Amino acid sequence: MTACIGEAEPFGDESSTEEEIATAEQAAFTKNAFTKNALTASALTRNRLATEALTGGPLTSSALARSGEVMRALRDPLAREFLTYAAGCALPEGRSVQVTLDGETHVFEGELGLAPEWGRAHGQCNARCQGWVSACMLARVNYLGESVPLSMRGKNRALESRPEERKAFPHREAAYFGDLFAPEQLRFACKSPGSTLIRRVCGGTGEDTDGCIVDVLGDCDDLCGAPAPDGSFSNCAVGDRTIRTTVTIFRE
């Protein structure tokens with residue numbers, strides 16, 4: 001696959017960990033109901049110290065409990081929603097982290113396993129991790145906060161799809177990429193040519209994307225080259241940068 005513009009440093013590399021390979025058979029079906037307020041206005045996105053503490057250490061119960069900045073941020077319900085989707089995207093099914101605030105325990109479950117290294121004892125969320133988690137979270141935003149079935153695909157072992165999944169979810173919506181952990185969030189998407197399904201994320205009709213929570217850069221065919229055999233796009237270009245941590249969404 002070749003990008004349309006440039007071959008500059010991507011947000012993340014394409015290396016795979018043993019744990020990612022072990023999750024290759026995990027289904028990439030998921031649902032979305034991530035609200036745009038939690039995406040942009042939570043205490044985990046507005047407080048740089050909290051964001052850096054979260055990504056600079058392991059996504060484990062003990063590490064979160066030791067971080068005063070993160071624990072303070074998690075008193076905000078929007079921050080807890082943000083972490084719900086971050087953990088769901090990063091950690092594999094069966095893994096979870098929990099925190100106790102004012103006597104109430106909050107559990108954040110793993111689901112997709114796009115960056116399992118973040119959940120290890122000495123893990124961090126590096127540029128690659130941030131790219132995959134961000135793309136996944138952007139793909140799960142819903143303008144109305146409603147949950148609908150999705151199929152996520154991309155160049156990550158955790159997103160490998162089987163023929164029956166591709167048959168059940170044939171309609172390509174859009175591809176999503178960016179960095180939600182940057183000082184100023186990078187939120188990008190490209191539309192599947194001829195599709196208006198991106199209105200799930202943007203609202204409106206899907207044809208006019210002005211004011212969308214993500215910056216819709218155009219058609220994926222123009223930005224990312226030809227799709228992979230599973231229909232997903234990768235190597236999407238933003239200016240002179242090529243982003244390989246890209247999630248493509250398919251609908252029923």
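**Reading the disulfides**

Reader: What is the handedness of the disulfide of Cys-190 and Cys-220, and why?

Author: The torsion about the S-S bond of Cys-190 and Cys-220 is about 100 degrees, so this disulfide is right-handed. In general, a disulfide is a covalent bond between the sulfur atoms of two cysteines; here a pair is assigned when the cysteine sulfur atoms lie within 2.5 Å. For Cys-190 and Cys-220 the sulfur atoms are 2.1 Å apart. The pair links distant parts of the chain, 30 residues apart: Cys-190 in strand β6 (residues 186-191) and Cys-220 in helix α11 (residues 220-224). Helices (H or I, at least four residues) and strands (E, at least two) are DSSP runs, numbered from the N terminus.

The model is predicted, with pLDDT of at least 70 needed for local features and 80 or more for side-chain atom pairs, while totals for chains, interfaces and linings use all residues. Residues are numbered from 1 along each chain as its sequence is written, and side-chain values use heavy atoms, without hydrogens and water.

Reader: Is Cys-129 buried or exposed?

Author: Cys-129 is buried, with a relative accessible area of 0%; buried means under 20%, exposed over 50%, and partly exposed in between (1.4 Å probe, protein chains only). Cys-125, its disulfide partner, is buried at 3%.

Reader: How many disulfides are there by this rule?

Author: The count comes to five. With the bonded cysteines numbered in sequence order, the pairing is 1-4, 2-3, 5-8, 6-7, 9-10.
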